[in-house]
Amino acid sequence: MLSTIAFDADDTLWHNETLFSVTQAQFREILQRYVGDADIDARLYETEVRNLRLFGYGIKGFTLSMIETAIDVSGQQIAAHDIRRLIDFGKAMLEHPVELLDGVEAVIAALKGRFRLMVITKGDLFDQESKIARSGLADHFDAVEIVAEKDEATYRQIFERHALAADTVLMVGNSVRSDILPVTALGVRAVHIPYHVTWAHEQAGGDRPLPPGAHRLERIADLPALVDKLVSGAS
Ligand SMILES: [Mg+2]
């Protein structure tokens with residue numbers, strides 16, 4: 001019997017990856033003045049992935065990786081005023097208003113009271129807490145979990161800590177790699193709602209067919225109808 005609905009946050013409840021894409025385009029523009037047509041995106045991605053184990057996910061790590069990439073790609077020629085701009089990009093991202101995806105408020109309102117609602121998100125604790133507070137949704141959630149990595153072990157710990165049996169939970173998220181595969185591996189049902197931009201790192205496994213126990217929706221507005229079907233045993 002379904003009793004808990006857990007939501008990923010970034011690109012599931014609110015826009016996130018578009019902010020990174022826009023900033024990365026500005027970063028590219030700055031670097032192109034130093035190196036012309038070098039593959040700046042690939043170099044930044046390499047740096048980000050290499051730094052994940054030290055910085056974790058989030059804007060601060062992304063900002064440091066932009067600076068490191070700029071120093072390396074420019075052959076240490078990047079000017080201090082351009083490094084300053086990269087730092088300002090990061091600050092602007094951290095202060096950017098939280099923009100909910102279409103339909104999120106109505107969906108949360110429809111499910112609240114019927115189900116225990118949770119957020120399970122990864123990334124920088126300070127930034128994620130700030131976004132949840134600024135989203136205006138904080139009061140609707142019974143629990144918020146901010147974790148370093150969304151893998152099977154982490155989800156198992158969360159479900160154990162909240163005493164949630166696998167068949168009582170539905171996880172909703174935009175990343176097959178982080179929100180779907182690790183939970184279905186634990187026997188938990190999941191709903192994949194793709195966002196129009198996916199960070200390369202999250203794309204791993206994204207083109208695979210969904211595992212048993214997973215559903216796919218085009219938009220979060222369709223979630224309450226799917227939940228009703230699941231509750232009535234029709235799906
Ligand atoms: Mg997400």
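Modeller: A salt bridge is a side-chain nitrogen of Lys or Arg within 4 Å of a carboxyl oxygen of Asp or Glu. Here Lys-150 and Asp-179 form such a bridge, their closest N and O atoms being 2.7 Å apart. This is a predicted model, in which local features need pLDDT of at least 70 and side-chain atom pairs count only at pLDDT 80 or more, while totals for chains, interfaces and linings use all residues. Residues are numbered from 1 along each chain as its sequence is written, and side-chain values use heavy atoms, with hydrogens and water left out.

Biologist: Where in the chain do Lys-150 and Asp-179 lie?

Modeller: Helices (H or I, at least four residues) and strands (E, at least two) are DSSP runs, numbered from the N terminus. Lys-150 lies in the loop between β3 (143-147) and α7 (152-161), and Asp-179 in helix α8, so the pair links distant parts of the chain, 29 residues apart.

Biologist: Are Lys-150 and Asp-179 buried or exposed?

Modeller: Buried means under 20% relative accessible area, exposed over 50%, and partly exposed in between (1.4 Å probe, protein chains only). Both Lys-150 and Asp-179 are buried. Salt bridges with shared partners join Asp-8, Lys-150 and Asp-179 into one network.

Biologist: Which residues are the protein donors of the magnesium ion?

Modeller: Donors are N, O and S atoms within 2.8 Å of the metal (3.2 Å for Na, K and Ca); water is not among the atoms, so sites may look incomplete. Asp-8 (OD), Asp-10 (O) and Asn-174 (OD1) are the protein donors, lying 2.1 to 2.2 Å from the magnesium ion. Asp-8 is in the loop between β1 (4-7) and α1 (17-35), and Asn-174 in the loop between β4 (169-173) and α8 (176-184), so the pair ties together parts that are 166 residues apart in sequence. Asp-8 is buried, at 6% relative accessible area, and Asn-174 is buried at 10%.

Biologist: Which residues touch the most other members of the largest nonpolar core?

Modeller: A nonpolar core is a set of buried Ala, Val, Leu, Ile, Met, Phe, Trp, Tyr and Cys residues joined through side-chain atoms within 4.5 Å. The largest has 30 residues, of which Ile-5, Phe-7, Leu-13, Leu-111 and Leu-223 touch the most other members. At least two residues of this core come from each of β1, α5 (104-111), β2 (116-122), β4 and α9 (223-231). Another core, of 18 residues, lies apart from it and includes Ile-120 and Phe-159.
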